Amino acid sequence: MSSLTLLDRMLIIAQFELEAMQRGDVDGAISFFEERIALLDQLQMTQDEISSEDCRMKLLALQGYHQIIYEEGLKLKEQIKQNLLNTRGQRSASKRYANARGLNFYR
């Protein structure tokens, strides 16, 4: 497979990865990330010239996607953290309520 074809596929997969992250689909994002890394490995093994202007532009686009995906990952990490804290707070409130009512469900 040519370098340009691999780069095109990586760009498409990067878009899917970003969309998965924006939906909060961590497993899907991981799957797309792994596929993108496998294509990167293939790209490193290709023998054709990577120095063309088309390749350069696609690599810059991938770099941009990488930055956006990284930033989206930070947002998703914060959302997950907040969800866990909210869940912990709800469980704590439920536990206090159960203890006050004499219903010790959470031992």
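Which exposed residues does the face of H2 turned away from its buried side carry? They are Asp27, Glu34, Gln44 and Met45; the legends below begin with the whole model and return to this helix.

**Figure 1. Overview of the predicted model.** This is a predicted model, in which local features need pLDDT of at least 70 and side-chain atom pairs count only at pLDDT 80 or more, while totals for chains, interfaces and linings use all residues. Residues are numbered from 1 along each chain as its sequence is written, and side-chain values use heavy atoms, with hydrogens and water left out. The protein has three helices and zero strands, in the order α-α-α along the sequence. Helices (H or I, at least four residues) and strands (E, at least two) are DSSP runs, numbered from the N terminus. The mean pLDDT (the predictor's confidence in each residue, from 0 to 100) is 85, and 84% of the residues reach 70 or more. Confidence is highest in H1, at 93, and lowest in H3, at a mean of 85. Of the 107 residues in the protein, 21% are buried. Buried means under 20% relative accessible area, exposed over 50%, and partly exposed in between (1.4 Å probe, protein chains only).

**Figure 2. Close-up of helix H2.** H2 has 20 residues and reaches 29 Å from its first C-alpha to its last, close to the 28 Å expected at 1.5 Å a residue. The expected span is 1.5 Å times one less than the number of residues in the helix. Gly28, Ala29, Arg36, Leu39 and Leu43 are buried in H2. Seen down the axis of H2, these buried residues fall within an arc of 95°, so they line one face of the helix. The arc is that of the directions from the helix axis to the C-beta atoms. On the face turned away from the buried side of H2 are the exposed residues Asp27, Glu34, Gln44 and Met45.

**Figure 3. Close-up of helix H1.** H1 has 21 residues, and its first and last C-alpha atoms are 30 Å apart, close to the 30 Å expected at 1.5 Å a residue. Its buried residues include Ser3, Leu6, Met10, Ile13 and Glu17. Leu11, also in H1, counts as buried at 17% relative accessibility. After H1 comes Gly24, whose phi is positive, near 85°.

**Figure 4. Pairs of residues separated along the chain.** Leu11 and Leu59 are 48 residues apart along the chain, with 8.9 Å between their C-alpha atoms. Leu4 and Leu59 are 55 residues apart in sequence and 9.8 Å apart in space, C-alpha to C-alpha. For Arg23 and Leu76, 53 residues apart in sequence, the C-alpha distance is 9.3 Å.

Figure 5. A pocket is an open set of points on a 1 Å grid over the protein atoms alone, where a 1.4 Å probe fits, with protein on both sides within 12 Å along at least five of seven lines. About 230 Å³ of space lies in the largest pocket; grid points are joined across faces, edges and corners, and a volume is the space filled by probe spheres set on the points. The lining has 14 residues, and Glu17, Met21, Ile69, Tyr70 and Gly73 lie nearest the centre of the pocket. Lining residues have an atom within 4 Å of a point. Helix H1 (3-23), helix H2 (26-45) and helix H3 (53-100) each give two or more residues to this lining. H3 gives the largest share, seven residues. The lining divides into nine nonpolar, two polar and three charged residues.

Definitions and conventions. Nonpolar A, V, L, I, M, F, W, Y, C, P; charged D, E, K, R; others polar.
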